[in-house]
Amino acid sequence: MSSSLPSLIVLLPFFGAGVMGFVYLFVPAGRNLRRFYVAVGIGTPLLAALLGLIVVGEMLTLPASASIASPLYSWIAIGSFEIDVAFVVDRLSAVMLLVVTLVGSLIHIYAVGYMWDDQGFGKFFAYFNFFLGAMLLLVLANNPILLFIGWELVGLASYLLIGFYHHDTANITAANKAFLLNRVGDFGFVSGLGLLFALQKQSGFDFAAIFAGLGGIDTAMLSLIGLLLFVGAMGKSAQIPLYVWLPDAMAGPTPVSALIHAATMVTAGVYMVARFAPLYNRIPDVGLFIAGIGAASALLAALFASWQNDIKKILAYSTMSQLGYMLIAVGLGEYSNGIFHLAAHAFFKALLFMGAGAVIIALHHEQDIFKMGGLGSRLPAVRRTMLVATLAITGIPIFAGFFSKDAILSYAFASGHTTIWAIGVVVAFLTAYYMFRLYFVVFVAPNHRSSRSRQSPSLTSLPRSMVWPLFVLAAGSIFLGFWNLPEAYGGSTWFSHELHLADHEAHLRFAKEYILDGFNVLVALLGIAIAYRKFVRPSHPLNAPIHRIAWQRALANTLYIDTLYDRLIVRPLRGISNWQDRLIDPKIIDGSLRGLVTLYRGVATQSARLQNGNLRWYALTFLLGVSGISLYLLIAIGGAS
Amino acid sequence: MSVVLTWIVFLPMLFAGILGLFRVRHTVLRAGAMLSALLVLALTLLTVVQFDPQAEGMQFVRHLPWIFQYGITYYLGLDSLSLVILLVIALLMPLLYLYMWDNPTSGYWYNMLLLQTGVTGAVLALDMVLFYLFYETMLLPIFIMIGRYGHDWNHAHAMKILLFTVLGSMAMLFAILYLGYAHYNFYGNWSFAWHDLARLPLDPQTATWLAAGFLLAFAIKIPLLGFHTWMAAAYASAPTPALVILSAIMAKLGIYGLWRFGYGIFAKVLHLYEPILLALSLVGMLYYAIHAITQNDLRRMFAYSSGSHLSLIALGVVLANLYAWSGSLYLIATHALASAGIFLMIGLIHQRTDTVQIDALGGIASVAPRFAFFFTFFALSIAGVPGTGGFVAELLIIIGAFSVHPWLGAATATTMLAAMLFVFWMLQRTLFGAPAPSVATFADLSRRETVMLTPLVLLLLITGIAPSLFTPIFTPQVQEMLLQFIHAAGGAS
Amino acid sequence: MTVNPDAYFAVATLLFSLGILGVISRRNLLVMYLSIELMLNAVNLILATFSRLHPDEGGTMIALFMIGVIAAEAALFLAVIVQIYRKKHTLDSDAFTELAQGKKL
Amino acid sequence: MIEILETSLFALLALGVLTGGLMILLARRPATHAMGFFIALLSVAGLFALLHQSFLFFAQVLVSVGGVVIVTLIMILTVNLREADLPPEPHQTRWLIGAAVIIAPLSLLLYQTLTTLGDAFPPVSDTFGGTRSLGTLLFHDGVLPFEILSVLLLTAMVGAIIIGKKEQSYDRES
């Protein structure tokens with residue numbers, strides 16, 4: 001069935017971005033345009049969310065395999081490369097659509113309060129809407145090319161947003177880094193698409209046609225394609241080795257971090273793998289590789305998060321860690337659990353970021369958690385909602401994170417990948433530790449510093465628009481889990497069932513599942529306990545930790561990976577460039593040409609010597625020629641005789 | 001209708017003659033130049049409307065005897081390949097005049113008028129001698145503009161570009177003359193018409209040498225790796241309008257020559273050169289991009305960027321399949337628009353701050369948001385961000401490369417990374433950060449400048465968002481050319 | 001006639017060679033002029049021998065003309081030498097390099 | 001008898017030609033040059049006579065010997081060359097040998113070519129080379145060249161006068 005609503009959903013934010021951008025650039029400044037920006041900037045995502053709900057409601061009445069198509073126009077048609085600008089809402093994209101528009105709208109509303117005093121208010125909302133549009137384009141695309149366009153535009157929007165405070169060069173550097181690493185991923189992605197297109201035999205390049213024609217491509221090539229596509233996901237979902245942009249991306253305004261890290265951009269990689277489920281189902285080895293990368297990233301990020309002091313960076317690494325979980329799920333073929341964790345994560349991580357943003361605003365842009373402390377009593381609303389989100393991400397029962405994360409872990413166990421399961425459990429422990437470390441230090445532990453340093457005791461009061469989205473998200477973080485209640489707990493995994501993805505099946509007996517889940521909860525509680533011991537009842541006054549031991553320092557500096565990249569890639573490239581500029585071009589290429597010129601000049605100079613005005617020389621040279629000819633005649637022809 | 005091409009070619013020259021005859025004042029001169037550019041644009045749009053994409057071969061053909069003893073003819077014609085470039089020229093000229101609007105140096109204006117005749121003539125000429133004539137004609141105004149109105153070592157750089165290109169075109173001239181003579185030898189009459197020469201049954205060795213002559217000329221003009229040292233020098237010294245023509249049009253004529261004459265006449269022996277061309281363009285693409293990283297002069301940086309993209313276009317041409325050729329043709333147009341935009345804006349920076357050194361700039365975005373928006377837009381379209389035409393073209397070339405071989409495809413896809421290497425760092429240091437002293441009084445775009453840049457932005461957006469509006473114009477003929485080439489090349493092997 | 005034409009030719013060739021030698025090897029303008037005269041006379045001698053050899057008086061006629069030309073040339077050449085000598089007070093041919101491009105390289 | 005006379009005469013004249021040439025080539029003083037020149041021209045005239053070219057003989061004696069040599073002598077006397085005005089020729093021998101080597105092939109070729117033209121002199125009538133027959137020939141075939149020659153001589157005379165006259169004020173380099 002077809003409908004024009006999906007197209008409208010995608011176009012609305014773009015339209016909003018265009019209008020706001022135009023107004024921002026061309027309507028003379030000075031007039032108070034904030035109301036206009038608020039109306040358009042919040043109106044379009046809300047409208048999109050509303051339309052999204054309508055579309056999804058409509059779709060739920062259809063059979064599970066049905067989708068709502070929304071063709072717009074033919075983008076390009078050359079040979080068999082026929083790409084339409086067409087959108088499709090099926091069960092998978094419906095979930096993403098809802099997550100993106102709903103969480104996105106909430107973040108937009110939150111951003112009104114957050115950004116109210118900023119000079120670039122209009123610009124910010126133009127970028128924000130653009131970002132949302134690009135994300136919707138990515139999610140609703142009916143062919144990989146369009147998906148890729150959305151994919152790239154999302155990267156562009158994140159570049160613009162991360163570098164929003166462009167006075168500070170560090171922010172721009174972070175934005176550059178994000179875009180560059182994303183582009184490295186995109187290079188892999190587009191290579192995968194190109195290869196897929198070159199190898200496919202049927203015409204048409206939308207998802208349905210591609211999946212129908214997968215049988216005609218041999219497995220080795222399919223694996224290569226799968227790997228290349230996943231390289232794109234590595235960049236976008238910040239996995240090893242392309243993750244280094246993510247912590248730096250915290251340079252942007254906090255709503256940006258929420259939007260990029262929670263709801264949207266970083267989950268694109270997971271979504272892409274789920275979208276290509278028919279492809280990845282054919283190549284389980286690559287799937288295992290994806291899961292391995294996911295597990296490794298999850299562990300590494302959790303380790304990093306445990307040693308960070310910047311509140312947003314802790315959350316950034318935690319995002320990377322959670323994305324690792326999702327990739328474990330989709331890599332092992334448990335797509336619906338991955339998507340479910342994605343949705344749940346969108347809620348609680350958005351909540352965490354927005355809470356963190358509220359704290360930061362309240363403390364006048366202070367981001368070091370060890371300079372906060374004891375905020376619980378002063379920001380009760382933020383504290384409560386943050387607690388909900390922290391519990392959710394930690395995986396305490398009844399919160400969304402418990403069901404989504406444990407489903408992934410028990411599936412990993414059930415399908416026999418115990419190593420991955422074990423890593424997952426360790427990560428769960430670390431998650432509990434670092435999340436509660438954050439929570440305790442910021443909200444619970446008494447602030448020793450504020451008494452000493454003259455930290456302003458007056459907190460900025462938070463506008464309402466920044467507070468009530470927190471409660472909506474907190475509600476989501478609590479109740480979302482029940483959508484996908486496993487059978488072991490009397491549920492019917494309604495969500496996974498409705499999602500209708502090509503999942504692998506692996507079941508555990510309920511008893512085993514109870515044991516595993518109980519173990520997970522125990523591990524999480526252990527993490528909380530350690531954090532409590534260290535930060536609420538500390539043996540010594542709480543200060544920012546000073547790392548004396550080498551490995552601690554290394555972890556706090558995230559293993560010097562950035563430096564490594566700088567040494568291995570950036571500097572050599574500059575070196576080559578300099579080398580080209582100083583050696584190859586002027587010396588070798590121009591030099592050889594100049595050599596020719598010198599030769600020519602030399603010959604000319606020597607010839608000019610003959611032209612010395614001296615009569616005898618002229619006669620001599622002339623006679624030399626005559627004599628030469630004579631000699632030739634004498635020898636070659638034998639003279640006259 | 002067949003006269004229309006003649007008008008398109010010679011109208012600017014006619015205007016230059018008339019205006020020069022009366023030694024008109026600046027205001028009249030610029031109005032006249034603008035009028036001629038707009039007339040040419042109108043005529044060009046007329047041909048676009050009348051153009052039949054499905055028809056085979058040349059259209060609007062004008063074929064008159066000229067020097068009949070030697071079979072040299074006045075032979076103009078148009079197919080989709082030349083149409084695209086013609087359209088770009090016609091579109092850019094009014095914008096360039098808009099850029100020059102307040103420049104009172106009349107020599108500037110006359111040179112631009114002559115330049116337009118030169119480049120359009122080269123695109124439309126189908127008689128090789130005529131082509132050569134225009135090919136050289138367009139060099140002269142560039143030489144004069146760099147030498148007289150340029151800056152930073154302009155004399156030396158003008159000489160450099162002249163020597164390089166003349167070296168190439170001399171080689172081509174010899175090849176052309178030999179071809180005409182060969183035609184006389186085989187058929188008893190002289191002819192320099194393109195399609196006659198394409199039919200010559202040359203023996204492979206001769207054809208190889210002749211092809212080398214042509215390829216040298218075009219390799220220098222493009223410029224391919226190793227023939228490129230004039231590029232940065234000339235770009236750095238050229239005044240902005242000449243620079244735009246250099247990058248957006250003249251370099252494309254190298255590609256055009258390679259395509260039309262290289263592939264048209266020497267289809268049989270070109271496979272000998274294919275590995276070389278492939279390697280040069282592939283390596284060049286990355287070489288130029290890496291070279292651009294450490295450039296401190298914006299013009300030089302985008303000179304190398306231009307080189308990188310032209311190598312990509314050349315790569316697409318060498319790949320010789322439908323996607324790659326369509327992509328190359330598309331990139332010719334979209335890169336022309338994008339580089340015209342970026343070079344115009346660099347010119348504006350020069351006007352405002354008297355410098356184009358990156359380390360002297362910075363923080364423009366804080367002072368001039370509109371300027372920053374346009375500049376970022378053009379920089380991003382050069383980087384091939386989706387939504388701009390460059391992306392479509394690059395995607396097509398990448399797909400074309402993958403159709404040939406996966407490794408080739410992967411190597412071509414590095415173009416996604418190539419522009420990234422320098423564009424963003426450049427943006428960081430020019431637009432962002434704290435405002436540098438030189439940009440403290442940086443004026444935002446005036447209305448005239450906005451009008452000048454907006455068409456480019458819109459076109460880049462439209463070509464990116466709806467390429468299907470444009471591709472049907474050239475795809476059938478590209479397919480046809482491709483079939484002819486494969487047929488001709490297959491005949492030999 | 002007992003003397004072989006070859007003998008005449010030998011004499012003429014030798015005379016001619018002496019003339020060339022004089023032009024090349026001497027720097028004295030007067031010697032150069034005289035050497036040229038010698039060459040012309042050598043040619044005249046050859047012409048006369050031809051004429052006798054064939055026998056055809058056409059050669060004699062040309063030789064006659066040449067004597068006229070020699071006279072004219074002598075007049076001019078000598079005038080030039082006189083003039084040159086007046087300017088530079090030397091007969092060194094190497095002193096006259098004004099026609100060379102620029103300075104000596 | 002007459003053969004011996006002729007041969008010895010030829011040898012004498014040939015010797016004279018070469019002696020004159022060598023005197024010009026090797027000598028340093030202008031007077032010696034003039035003497036050598038005189039001997040050479042006179043010997044050539046003698047050779048003309050041996051070749052039955054009576055008119056040419058007279059022309060040579062009158063014009064070359066009587067005219068050119070005298071003019072040359074006058075010139076030498078006019079400019080009154082001093083020893084110091086003569087160019088220094090430090091490497092004359094080296095130049096001479098080098099030039100000889102250079103022109104040797106040319107001379108050889110010239111000689112070889114000339115000797116292919118004929119082996120012996122045919123007998124001729126007594127009038128050969130006489131004023132009458134030559135005059136007839138001139139009026140038949142050579143009128144135009146003859147007239148041109150006269151113009152040439154006139155021009156040369158005028159030119160020589162103009163060139164040779166003393167420097168005037170308008171000739172000086174400004």
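**Figure 1. Chains B and C stand apart in this predicted model.** Chain B does not touch chain C, and their nearest C-alpha atoms are 24 Å apart. Chains B and D also lack any contact, with their closest C-alpha atoms 36 Å apart. Two residues count as in contact if their C-beta atoms, placed from the backbone, lie within 7 Å. Residues are numbered from 1 along each chain as its sequence is written, and chains are lettered from A and ligands numbered from 1 in the order in which they are written. In this predicted model local features need pLDDT of at least 70 and side-chain atom pairs count only at pLDDT 80 or more, while totals for chains, interfaces and linings use all residues.

**Figure 2. Chains C and D meet.** Among the 4 pairs of chains in contact, C and D share the most contacts. Chain C brings 67 residues to this contact, and chain D brings 72 residues. On the side of chain C that touches chain D, the elements giving two or more residues are α1 (5-25), α2 (29-53) and α3 (58-88) of chain C. α3(C) gives the most to that side, with 22 residues. By class, the side of chain C that touches chain D holds 43 nonpolar, 16 polar and 8 charged residues. Here Ala, Val, Leu, Ile, Met, Phe, Trp, Tyr, Cys and Pro count as nonpolar, Asp, Glu, Lys and Arg as charged, and the others, Gly among them, as polar. Helices (H or I, at least four residues) and strands (E, at least two) are DSSP runs, numbered from the N terminus.

**Figure 3. Chain A contacts chain B.** The contact joins 42 residues of chain A to 44 residues of chain B. β1 (68-78), α5 (144-162), α6 (169-199) and α24 (561-610) of chain A each give two or more residues to the side of chain A that touches chain B. α6(A) supplies the largest share of that side, 16 residues. The side of chain A that touches chain B divides into 22 nonpolar, 13 polar and 7 charged residues.

**Figure 4. Nonpolar cores.** The largest nonpolar core has 437 residues. Such a core is a set of buried Ala, Val, Leu, Ile, Met, Phe, Trp, Tyr and Cys residues joined through C-beta atoms within 7 Å. A:F131, A:A350, A:V359, B:V88 and B:A314 have the most contacts inside the largest core. Helix α14 (residues 322-353) of chain B gives this core its largest share, 20 residues. A second, separate core of 75 residues includes C:L29, D:F37, D:L50 and D:V68.

**Figure 5. B:A368 sits in a loop.** This loop lies between α15 (364-367) and α16 (369-383) of chain B. B:A368 is buried, because 21 other C-beta atoms lie within 10 Å. A residue is buried if 20 or more other C-beta atoms lie within 10 Å of its own, exposed if 12 or fewer, and partly exposed in between, with C-beta atoms placed from the backbone. Leaving out residues up to four places away in sequence, B:A368 touches B:F442, B:A443 and B:D444. B:L310 is 58 residues from B:A368 in sequence and 31 Å away in space, C-alpha to C-alpha.

**Figure 6. Confidence in chain A.** Chain A has a mean pLDDT of 83, and 92% of its residues reach 70 or more. pLDDT is the predictor's confidence in each residue, from 0 to 100. Over residues 450-456 of chain A, pLDDT stays under 50, and the model has 4 contacts there beyond four places in sequence.
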